[in-house]
Amino acid sequence: MTSTTSSISKKKELKETYLWALKKHKGISALLALLMFMALPMLLIMIMPNLKTRVYPAIARDESTKYFIERIAELNAFFVVPLILIFTILFSALLFGYMHQKRSVDLFHSLPVGRTPMMLGRLLAGFTLITAPVLLNFAITFIVGACYSVDISQCYGIVSYMLWIILISTASLIFMALMAVCTGTTFDMIISALGVNLGYPLFIFLGNYLISSILPGYSNQVDIGSLILTALSPFAAAFMPLMRANEFNSGIINQSFFIWWLIFSIILLAAAITLYNRRKSECAETGFAFPLPKTIIRFLITAVSGLGIGLALGESDEPINFFIGLISGSLAAHIVVEAVYSRGFKKLKKSFVYYGLFLAVFFVAYTIFVTGCFGYDIKVPQAEEVESIQVEGRYINSDDFNLHDKDGRTIGHITPTIKDSKNIKTITDSHKKAVLQKRSKKFPYCFDSDLLYNDFTIIYKLKNGKTLKRSYPCNIYDTQNYTNSPTDNPTDYNNLILEIKKLNEFKISGNSAFYINAEDIKSINTDNNNNEKSFSPDEKTKELFLKAWQQDILDGRTKNMLIEMESPLYYIAVEYKNPIKNNKLKEFVFGNNYNGEIYLQPNTTSVYADTKVSELIKELGWDK
Amino acid sequence: MIAVKDLTKKFDSTVALDKISFSIGSGSIFGLVGSNGAGKSTFLRTLAGIYKPDSGEVLLDEISPFENSEAKSKLFFISDYPYFIPQYTLSDMANFYARIYPNWSQKRFEELCSLFTLNSKSKISTMSKGMQRQSAIICALATMPKYLLLDEVFDGLDPVMRQLLKKIISGEVSERDMTVIIASHNLRELEDLCDHVGLFHKGGVIFDRDLDELKLGINKVQAVFKPMPALSSFEPLDIVKTEIRGSLINLVVRGTKEEILNKINELNPIFAEVLPLTLEEVFISEMEVAGYDLDNILN
């Protein structure tokens with residue numbers, strides 16, 4: 001009975017807190033709605049007529065839809081998300097700032113409202129105050145779209161943008177609430193939130209950069225837009241999937257972002273409520289209620305400044321410059337952070353314990369990486385343990401070999417795959433030789449800017465189900481001087497990739513020419529000094545062409561690693577009949593995991609003198 | 001009934017309340033007096049459920065108020081600098097409290113507004129310090145609290161408003177059995193209003209007593225002797241403070257008026273009279289005993 005009464009009371013407290021906060025701040029929510037209207041629907045109203053009347057007069061409905069989605073992605077990234085984040089900070093200061101003044105704490109903590117309903121009620125109000133303008137403006141956006149012949153049924157990408165904005169603004173609000181609970185002043189709350197949001201992505205980026213430039217084979221390089229880069233920084237994360245959505249032109253935000261931020265929001269919420277219940281009211285107007293955020297932020301800022309300046313000075317591959325930069329940058333940052341948080345230098349002396357801790361952590365980590373990270377640098381599986389080897393890289397995988405669905409989304413790639421045991425042995429032997437050669441040159445390792453280039457990646461799929469991945473630089477041709485001649489300054493891994501590329505299995509498995517039949521060819525387009533021609537030959541000619549083309553590939557007489565070896569006679573583009581009916585390709589890329597249709601882009605290549613294709617072109621008279 | 005048992009509250013290394021224990025009966029007006037930093041405001045905040053005790057407990061009707069909405073709904077705390085929600089009028093504040101306090105009385109609110117002659121539609125931030133305090137008092141009383149906790153409530157109120165406040169509080173206490181705890185340095189006002197006082201010093205309670213009993217139990221003696229007897233002659237008296245100027249001796253002595261006068265007369269004074277102490281004089285005397293006096297501070 002007591003618990004039922006208590007539960008009813010808590011619900012009432014939550015409801016009253018929610019309604020009060022909603023009423024108190026509804027004006028600001030209305031302002032957000034207005035500004036968001038100006039940033040999204042109003043701009044779309046201005047942009048969409050331009051598309052119809054000036055840019056593309058005869059635009060089709062699907063193109064109009066695509067244009068509409070793309071503009072929304074841009075407007076979201078440049079205007080809507082920053083606006084929402086600014087208002088999230090504003091709302092959090094208004095909703096949780098009471099914790100930071102002794103007088104307001106006297107009022108709110110003496111009210112007959114528990115801390116959990118007080119926190120939840122305010123969070124729910126913040127959620128409503130942000131979400132309502134977002135929903136309203138996206139509804140208007142759909143109406144605008146409908147007025148300009150946009151196919152609304154195809155606009156699931158816009159729905160995903162909207163859901164993303166709602167989710168990340170909620171996560172940001174909860175994150176700010178947690179910061180409010182942990183800090184004693186609103187100033188500290190805001191700088192701490194900004195500190196984590198800037199510090200964490202930079203820390204991951206610079207830490208990754210450091211590892212990449214020291215540890216040979218390191219293959220987990222973080223790219224812009226990856227989840228890990230912004231996993232603890234909602235403000236930074238807010239932009240990432242929007243950018244990636246635009247990049248892939250699919251309009252759909254990566255599900256992993258949704259899942260992670262949903263889980264992380266729940267974790268943040270639990271932490272905020274737990275800590276708020278333990279927070280001492282008397283912490284108002286003091287530095288921190290809980291020391292952990294201060295320690296984390298100071299560590300992040302110290303590390304980021306140290307690594308940033310260290311890496312900037314260490315660009316010349318001089319370790320001493322790196323260390324001078326690291327020490328000076330981190331020390332300066334530590335002093336600044338301590339002075340800001342402690343409002344002076346009184347506690348500076350004591351704080352050097354934490355600086356010492358940072359240096360200790362750094363030097364332990366540094367020692368691990370320069371000594372090969374417990375054998376990571378030389379780890380190559382035994383040939384008999386390997387089921388298959390895939391090779392990826394910027395000189396290996398052409399975009400021509402991307403597989404698409406009917407909407408143009410990239411769904412897979414034709415990746416060269418080695419399954420033959422003899423070939424596997426060749427690769428593992430070459431790989432072992434290369435890593436040991438690298439170690440023999442200089443160990444412990446030091447900065448090597450070449451390592452920052454992940455030109456090719458070897459992925460071992462092991463029989464035990466595990467995967468081993470290593471990435472290396474290569475500069476087989478002197479691309480810097482465009483001489484098309486072998487480089488005078490090869491990396492330690494050039495021989496490895498050359499060995500791999502010699503394998504017929506590599507050539508066959510990585511080129512769409514080997515996955516199609518002659519009847520899959522729609523047309524062959526030639527380009528000879530800008531003299532473009534298109535041919536749709538009969539089936540017999542297609543057979544002849546395909547055979548000649550495949551032989552040239554096996555002979556290594558086609559474009560090698562996407563760099564021209566000599567001046568070509570022609571450029572040709574083989575256009576396929578999409579969707580591809582041949583199931584060989586589908587099976588190779590997806591196994592039995594994909595039942596949809598696949599589409600291939602034209603396969604473009606160069607035709608050199610004295611090749612089978614050049615002879616056939618002459619024979620057919622296509623050169624005239 | 002408020003029961004305080006071994007209550008301790010620390011702020012880092014500073015002990016604000018050091019194992020204090022006492023109780024306050026229902027329907028009483030309890031004056032909290034003490035030196036600056038004695039722990040009066042800390043005690044009120046702990047009682048209001050704002051601060052969590054580090055050890056010991058404070059109970060309102062046997063319930064700890066910290067994180068207990070049921071206990072908190074029966075009390076109202078007006079801090080030394082009352083806080084109002086920015087941009088709010090008195091009516092807005094009333095609406096705010098009405099949502100939260102189950103016993104909120106709109107009728108009482110309106111009555112009090114007319115008594116204090118405040119415009120409930122004016123923004124509180126534009127009001128004077130005294131009017132802001134009146135606003136806080138109006139809201140507090142409209143919640144119909146069982147326990148009213150007031151910190152320096154007389155600050156900024158003009159003499160007429162002080163009288164009005166005292167009258168209203170006395171009325172509420174007698175009508176509703178409300179318990180009031182007032183922390184104040186204005187001992188003159190407390191003397192008029194309180195029936196009990198507690199003297200705080202350095203986190204401890206020097207005493208808590210019925211005010212009449214307190215005042216009857218300590219007296220000021222003025223006597224003229226020729227010649228002045230040795231100080232040891234006064235030893236039978238429970239002397240708190242002694243001051244001799246020529247043939248005039250001023251004493252602060254514990255005990256009833258009759259007891260003291262009888263003992264003084266035994267020493268054959270030329271003139272002797274026993275006068276009751278004001279609360280302020282009691283405060284100064286007791287604080288001197290605790291080592292908190294001007295001479296000690298100056299030296």
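In this predicted model, chain B is assigned two domains, with domain 1 covering residues 2–211 and domain 2 covering residues 217–298. The centres of domain 1 and domain 2 of chain B, taken over C-alpha atoms, are 36 Å apart. Where these two domains meet, domain 1 of chain B contributes 9 residues to the contact and domain 2 of chain B contributes 8 residues. On the domain 1 side, at least two residues each come from helix 7 (187–193) and from strand 8 (196–201) of chain B. Helix 7 of chain B gives the most to this side, with 4 residues. Sorted by class, the side of domain 1 of chain B that touches domain 2 of chain B holds 5 nonpolar, 2 polar and 2 charged residues.

We can turn next to the contact between the chains. Here chain A and chain B each provide 19 residues. On the chain B side, helix 2 (69–72) and helix 3 (90–100) each supply at least two residues. Helix 3 of chain B gives the most to this side, with 3 residues. The side of chain B that touches chain A is made up of 10 nonpolar, 4 polar and 5 charged residues.

Helix 5 of chain A runs over residues 115–147, which makes 33 residues. Just after helix 5 of chain A comes A:Ser149, which takes a positive phi of about 60°.

Technical notes: Residues numbered from 1 in each chain as written. Chains lettered and ligands numbered in written order. Predicted model: local features only at pLDDT ≥ 70, side-chain atom pairs only at ≥ 80, totals over all residues. Expected span 1.5 Å × (residues − 1). Contact = placed C-beta atoms within 7 Å. Nonpolar A, V, L, I, M, F, W, Y, C, P; charged D, E, K, R; others polar. Domains from an automatic or database assignment.
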